Amino acid sequence: GAKVTGSGAEAVLTAPIPPQFMRAMAGRLDDSMPVGNEGAGVVIAAGASPEAQALRGKTVAILGGATYAQHRSVKAADALLLPDDATPADGASCFVNPLTALSMVEVMKREGHHALVHTAAASNLGQMLNKICIKDGVPLVNIVRSPEQAKILREIGASHICDSSAPDFMESLVSALIETGATLAFDAIGGGKLAGQILTAMEIAANRTAKEYSRYGSTTHKQVYIYGRLDTRPTELGAGLGMAWGVGGWLLTPFLIKLGADAILLRARVMAELKTTFASHYTSEISLAEALQPETIEAYNKRATGEKFLIVPSKG
């Protein structure tokens, strides 16, 4: 068993470490992992190349890690020039969520689907995805977990909203799937029963619209991509899924690599709609020191809808 000794801020935890855990984490040992996936700021110094010098004094966004810092050095090609009227706060979240939302629609097109399902749909990313789908005419089924979250999406024009806390959730989901024909889902929850419920509802919807009976279920492929783990429990898949389905993991960076030069088109759209479709709203701005305060950690670790924190390294 584990043993904790110490007092105050100092404590020592001693426990036997399973060999399989050590093997799995061997690549992580002694490897510094600075945090912060994305950020934005003003270029204060640049290299001698014309490309780098052209960015001096400009506001740029960057993706590549270690952005929880007051200064960050990147290649000029990796700095995305923001519009003249954009502030660092406008560009601080212009990579991950916007490109993820755009990529979801791109995956749908490339894999032959015609509509989408999204969970945790009232999130900042989910709201962006709704704006994209409304503008592009893509049917979208939104799954939320409370009436308050449903209200957020109704106010921005979402057409199909299913509340997983409601007693008629499955009936509502099946109806939305029949209406939209959605056979592709992106799931930010990960653990628990939701991914299985989505596949089951897709199978029910497909069978209700089928022209003939098949003992093996629908032949239409149904896919759920898990891209987040808001629920850290195991993923549960029940019965009634049919035989044409898949569950897989999905991450933005590998997909952008696969897109190659086409990723430039996605970035261009983000810049064109930075203050509309892809605008992020923050409930609090905190310094690097404040980010380590227990009460602040408790607040942002809730992962609550509508509560997005912006780290401002220059603050304080």
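The structure is a predicted model, in which local features require pLDDT of at least 70 and side-chain atom pairs count only at pLDDT 80 or more, while totals for chains, interfaces and linings use all residues. Residues are numbered from 1 along each chain as its sequence is written, and side-chain values use heavy atoms, with hydrogens and water left out.

The protein chain contains 11 helices and 15 strands (DSSP runs of H or I with at least four residues and of E with at least two, respectively, numbered from the N terminus). Its C-alpha atoms fill a box of roughly 70 × 55 × 35 Å along the principal axes. Of the 316 residues in the protein chain, 40% are buried (under 20% relative accessible area, with a 1.4 Å probe and protein chains only). Contacts are defined by heavy atoms within 4.5 Å; among those between residues at least 6 apart in sequence, 65% join residues at least 24 apart.

Strands E3, E4 and E5 form an open antiparallel sheet in the order E3-E4-E5, two strands being taken as paired if DSSP finds at least two bridges between them. The edges are strand E3 (38-42) and strand E5 (79-81), each of which pairs on one side only. Neighbouring strands of this sheet are turned by 30 degrees against each other on average, direction ignored, with axes given by lines fitted to C-alpha atoms. Strand E3 and strand E4 (residues 59-63) run antiparallel and are joined by five bridges. Gly39 lies opposite Ile62 of E4.

Conventions: Buried < 20%, exposed > 50% of the residue type's maximum accessible area, 1.4 Å probe, protein only. Axes fitted to C-alpha atoms, helices over the stretch in contact; angles between N-to-C directions.
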